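Trainee: I would like to learn how to read packing features in a model of this kind, one feature at a time. Could you take me through the general idea each time and then the case at hand?

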Amino acid sequence: MHGVSLPFSFACGVRSSSIRASPRSFLWPTPNERRKVRCALITAQFELKRPPYPLDSLEPHMSRKTVEHHWGRHHRSHVDGLNAQIAGTQLEEMELEDVVIASYNKGSPLPPFVHAAQVWNHDFFWQSMKPGGGGKPSGKLMELIERDFGSFERMLKEFREAASAQFGSGWAWLASKRDQWPIDMDLLKPLLAIDVWEHAYYLDYENRRADYVSIFIEKLVSWDIVSSRLDIAMARAAERAREDERRRQEDDVEITNSEAVEMYVDSDNNSESE
């Protein structure tokens, strides 16, 4: 991942997909079982979610034609591919994020992973924009950006560079993380994403990816949504910290009780020897 990693803070960088590599195990069908599944009626259905705005409402910065092509064809193909691949498997009953985690398979991705990750990424991408977007964030988000990057302008510069310099296709992400956490995708919380696959911008900008990235930042980003994601990440971080503290206190009690028993036994042995 190319970018920076700073205390609670933000890691601005590039990944080809969004994953959280939490341990999760399940049984993947054998080839014979998969053949049976292909003959069965597919009942598990993830739906293609519409962007949260009319398809032409991002114009002139992103044309209706681009949105229809990107969302209606590329995004849909991942939804259809995912539904076909998980039919008849244990993934069929899971939520999308859990399918991403499970199919990542601790770093040895299973067949549904690419489709699941791309469905998740695209849902996140469409929600990251709004008509009349751009401008600047406010509140806690702006406070942390200025603290950790030095300025809003510096953060934008690094985000532009990460998105524009991504070799080939992929995604650029702005994410938050706690300073005491290791750099692990289970602990990075995505706040903003831009799709830099060519189908995301070629109809409008041809090969001018840098122009597309600049317009995305200046005219399309929904900082309200990014701020709400930060609020959720911080709330979860606080909940995790409380849980860690509770476990530490329970461990301290167990250690104290163990030491008390040992002291009692030692004292008893000493009195017998006297």
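Trainee: How many helices and strands does the protein chain have?

Mentor: This is a predicted model, and its protein chain has 9 helices and 4 strands. Read from the N terminus on, the elements run β-β-α-α-α-α-α-α-β-β-α-α-α. Of the 274 residues in the protein chain, buried residues make up 45%, and among the contacts with a separation of 6 or more, 75% are accounted for by residues 24 or more positions apart.

Trainee: How should I read a pair of packed helices, and at what angle do H3 and H4 pack?

Mentor: Two packed helices are described by the angle between their axes and by the distance between the axes. Here helix H3, residues 96-104, packs against helix H4, residues 113-127, at an angle of about 140°, and the axes are 9 Å apart. The crossing in which H3 passes H4 is left-handed. On the H3 side the contact is made by Leu 96, Glu 97, Val 99, Val 100, Ser 103 and Tyr 104, while H4 contributes Phe 113, Ala 116, Ala 117, Val 119, Trp 120 and Asp 123. Sorted by class, the residues of this contact of H3 with H4 comprise 9 nonpolar, 1 polar and 2 charged.

Trainee: In what hand does H6 pass H8, and which residues meet there?

Mentor: Helix H6, residues 152-165, and helix H8, residues 209-220, have axes that come within 10 Å and cross at roughly 140°, and H6 and H8 are therefore oblique to each other. The crossing of H6 past H8 is right-handed. From H6, the residues Leu 156, Phe 159, Arg 160, Ala 163 and Ser 164 meet Arg 209, Ala 210, Val 213, Ser 214, Phe 216, Ile 217 and Glu 218 of H8. This contact of H6 with H8 has 7 nonpolar, 2 polar and 3 charged residues.

Trainee: Let us turn to the aromatic rings. How many aromatic pairs are there, and how are the planes of Phe 125 and Phe 216 set?

Mentor: A pair of aromatic rings is described by the distance of the centres and the angle of the planes. With ring centres required to lie within 6.5 Å, the count comes to 11 aromatic pairs. In the pair of Phe 125 and Phe 216 the ring centres are 6.1 Å apart and the planes stand at 15°, so the pair is stacked. Because Phe 125 lies in helix H4 and Phe 216 in helix H8, this pair ties together parts that are 91 residues apart in sequence.

Trainee: Are Phe 125 and Phe 216 buried or exposed?

Mentor: Phe 125 counts as buried at 0% relative accessibility, and Phe 216 likewise counts as buried at 0% relative accessibility. For Tyr 205 and Tyr 212 the ring centres are 6.1 Å apart with the planes at 50°, so that pair is tilted, and both Tyr 205 and Tyr 212 are buried.

Trainee: Which residues do ring pairs link into a cluster?

Mentor: The cluster linked by ring pairs consists of Trp 120, Phe 124, Phe 125, Trp 126, Trp 171, Trp 173 and Phe 216. Two of these names have come up in the helix contacts: Trp 120 in the contact of H3 with H4, and Phe 216 in that of H6 with H8.

Trainee: Finally, where is the place of Ser 77?

Mentor: Ser 77 is in helix H2, residues 64-86, and with a relative accessible area of 37% Ser 77 is partly exposed. Its C-alpha atom is separated by 9.9 Å from that of Gln 118, although Ser 77 and Gln 118 are 41 residues apart along the chain.

Conventions
Residues numbered from 1 in each chain as written. Predicted model: local features only at pLDDT ≥ 70, side-chain atom pairs only at ≥ 80, totals over all residues. Heavy atoms only, no water. Axes fitted to C-alpha atoms, helices over the stretch in contact; angles between N-to-C directions. Helix = DSSP H or I, 4+ residues; strand = E, 2+ residues; numbered from the N terminus. Left-handed = near helix turned anticlockwise from the far one by under 90°. Contact = heavy atoms within 4.5 Å. Nonpolar A, V, L, I, M, F, W, Y, C, P; charged D, E, K, R; others polar. Parallel < 35°, antiparallel > 145°, perpendicular 65-115°, else oblique. Buried < 20%, exposed > 50% of the residue type's maximum accessible area, 1.4 Å probe, protein only. Phe/Tyr/Trp six-rings, centres within 6.5 Å; stacked < 30°, edge-to-face > 60°.
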